[in-house]
Amino acid sequence: ISSSVLATNGAGAHGIIARALNGSAAALTTGTIETNGDDSIGIDVSGGDITVTNTSVVTHGDRSGGVVAASTGGTVSITSQRISTGGDDSAALTLDSAGPTTVTVSEITTLGDWSHGMDARVGGDALIRFDNIVTDGEYSKGLQAEALTGTALTIEGGDILTGGLGARALDVSTDDTRLQAAVGEIVTHGE
């Protein structure tokens, strides 16, 4: 799937939904995607091998995540310059991957409550890169990651800034995982 500029208005008006059945591949190359209603995800993709290359995803409504990706075991690659969400319960990037994973995002911003910058669950070796993550809402973590047994998780990042009550900057849980993390400045302003 390829697109340059895509905008939607109204509740339940997702930007792109892509379902690759029976473990097949899903490949998306997009420019700017913007959604303006509640329950309106920017990019929602699932399949085996997943490739997302994107310039910008912006959502404004509640329950409107920026990028949601779920892989059943193939290779996952997500690259984006900017992912921004404005509503509650709207994580910028939600990832559930059972295979090798690479994520590279320059700028991540969320404004709503319970809206994590990145929420990743990985079952294969994973590399997560970012320049900056900023969250402003309550209980909106900067980066939340869970790595399953026997995997290697590498986090290479810039600064993480959270502004809301109960909003941890970095929350990583592992189980017999090789973890390597290097980030820039971490600033939290909430209680």
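Colleague: Where is tyrosine 139 found?
Modeller: Tyrosine 139 is in the loop between β11 (126-135) and β12 (143-147); strands are DSSP runs of E, at least two residues, numbered from the N terminus. This is a predicted model, where local features need pLDDT of at least 70, side-chain atom pairs count only at pLDDT 80 or more, and totals for chains, interfaces and linings use all residues. Residues are numbered from 1 along each chain as its sequence is written, and side-chain values use heavy atoms, with hydrogens and water left out.

Colleague: Switching to strand β8, which residues are on the covered face?
Modeller: In β8 (residues 93-97), Leu93, Leu95 and Ser97 are covered, while Thr94 and Asp96 make up the uncovered face. In a regular strand the side chains alternate between the two faces of the sheet.

Colleague: And which strands does β8 pair with?
Modeller: Strand β6 (residues 67-71) runs parallel to β8, joined by 5 bridges, and strand β10 (residues 118-122) also pairs with β8 in the parallel sense over 5 bridges. Pairing takes at least two DSSP bridges. Valine 67 has leucine 93 as its bridge partner, and leucine 95 has alanine 120.

Colleague: What does threonine 101 touch?
Modeller: Leaving out residues up to four places away in sequence, threonine 101 touches Val76, Leu95, Val122, Asp125, Ala126 and Leu127 (contact means heavy atoms within 4.5 Å).

Conventions. Helices (H or I, at least four residues) and strands (E, at least two) are DSSP runs, numbered from the N terminus. Buried means under 20% relative accessible area, exposed over 50%, partly exposed in between (1.4 Å probe, protein chains only).
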